[in-house]
Amino acid sequence: MTADLFDDLPAPVSEERLADGAVLLRGFALAEATALVSAAEDVMRRAPLRHMVTPGGRAMAVAMTNCGPLGWVSDRRGYRYQGTDPVSGEPWPAMPGAMVALATRAADHAGYPGFVPDACLVNEYRAGTRLSLHQDRDELDFAAPIVSVSLGLPAVFLFGGQARSGPVSRYRLAHGDVVVWGGASRLAFHGVAPLAAGLHPLLGERRINLTFRRAR
Ligand code: MD3
Ligand code: FE
């Protein structure tokens with residue numbers, strides 16, 4: 001596959017400030033992308049993707065799973081982090097070393113040294129899948145950033161302000177792109193536009209997004 005040919009090239013370091021505290025690092029994870037995809041496939045084998053149900057009773061369009069000591073879950077009782085997979089009753093799979101290393105390195109690069117994630121949410125998008133505008137506020141300490149890694153098909157990421165009703169900027173996030181969200185952007189509203197159909201050499205008709213969090 002063509003993507004493998006580029007895996008040995010150094011990742012070009014391009015830094016774009018999206019907002020106060022938010023840094024887009026295009027291609028930052030390209031050198032590790034194949035390893036990250038295999039690691040994610042391994043996680044998804046051990047804790048299969050599922051469509052979680054919102055407190056309102058609707059199945060989410062994005063299929064999700066987790067790895068690490070804690071995982072984000074949603075059900076009729078609400079949103080929370082917990083140490084076990086509600087489907088199996090077992091602990092979530094360990095966070096693969098390649099994932100922890102990338103998350104820490106990206107946070108450091110963006111000015112958040114010493115970031116050690118205790119949760120990684122794995123999101124799977126297929127053609128038409130969207131994620132509506134929301135805030136990530138189920139974590140204990142908003143001082144820690146969230147690191148997101150895009151893999152597979154490109155997506156249009158929607159980035160708003162501190163209020164749901166404000167203006168929204170759009171950014172195309174491609175395979176290997178990393179965004180670090182900290183500081184004032186940590187509680188910004190954000191979402192993902194419906195995924196366009198396509199075929200990615202490593203991931204086929206899918207986009208996988210990894211978000212590394214400090215939940216506790
Ligand atoms: C901005 N995921 O899992 S990642 C999520 O592409 C989520 O799957 C999207 O939003 C995805 O909660 C977007 C980018 C992202 C993640 C967390 C943020 C942006 C953020 C937290 C605060 C502000
Ligand atoms: Fe989010």
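This report describes a metal site, a helix, a strand and several salt bridges in one structure. The model is a predicted one.

**The iron site**

The iron ion (ligand 2) is coordinated at 2.0 to 2.3 Å by the NE2 atoms of His134 and His190 and by OD of Asp136. Along the chain, these donors follow the spacing H-x1-D-x53-H. His134 belongs to strand S7 (residues 131-134) and His190 to strand S12 (residues 190-192), so the pair ties together parts that lie 56 residues apart in sequence. His134 is partly exposed, with a relative accessible area of 22%, whereas His190 counts as buried at 15%.

**Strand S8 and its partners**

In strand S8 (residues 146-152), seven of the seven residues are buried. S8 runs antiparallel to strand S11 (residues 178-181), to which four bridges join it; here Ser148 stands opposite Val179. S8 also pairs with strand S13 (residues 207-213), again in the antiparallel sense, over six bridges. Within this pairing, Gly152 has Arg207 as its bridge partner.

**Helix H2**

Helix H2 (residues 33-46) has 14 residues, which should span 20 Å at 1.5 Å a residue; the end C-alpha atoms are 20 Å apart, in agreement with that value. Its buried residues are Ala33, Leu36, Val37, Ala39, Ala40, Val43 and Met44. They cover an arc of only 165 degrees around the axis, which places them on the same side of H2. An α-helix has 3.6 residues a turn, so residues three or four places apart point the same way. Arg45 and Arg46, on the other side of H2, are exposed. The buried residues of H2 pack against several elements, including strand S3 (63-67), helix H3 (97-109) and strand S6 (119-125). S8 and S13 are also among the elements that they contact.

**Salt bridges**

The structure holds 15 salt bridges. Three of them are listed below.

| Pair | Closest N to O distance |
|---|---|
| Arg105 and Glu32 | 2.9 Å |
| Arg80 and Asp75 | 2.7 Å |

Arg105 lies in helix H3 and Glu32 in the loop between strand S2 (22-26) and H2, so this pair ties together parts 73 residues apart in sequence. Arg105 is partly exposed, at 40% relative accessibility. In the pair of Arg17 and Asp20, Arg17 is exposed with a relative accessible area of 60%, and Asp20 is exposed with 53%. Arg80 counts as partly exposed at 21%.

Notes:
Residues numbered from 1 in each chain as written. Chains lettered and ligands numbered in written order. Predicted model: local features only at pLDDT ≥ 70, side-chain atom pairs only at ≥ 80, totals over all residues. Heavy atoms only, no water. Donors = N, O, S within 2.8 Å, 3.2 Å for Na, K, Ca; no water. Helix = DSSP H or I, 4+ residues; strand = E, 2+ residues; numbered from the N terminus. Buried < 20%, exposed > 50% of the residue type's maximum accessible area, 1.4 Å probe, protein only. Pairing = 2+ DSSP bridges. Expected span 1.5 Å × (residues − 1). Arc of directions from axis to C-beta. Contact = heavy atoms within 4.5 Å. Salt bridge = Lys/Arg side-chain N within 4 Å of Asp/Glu carboxyl O.
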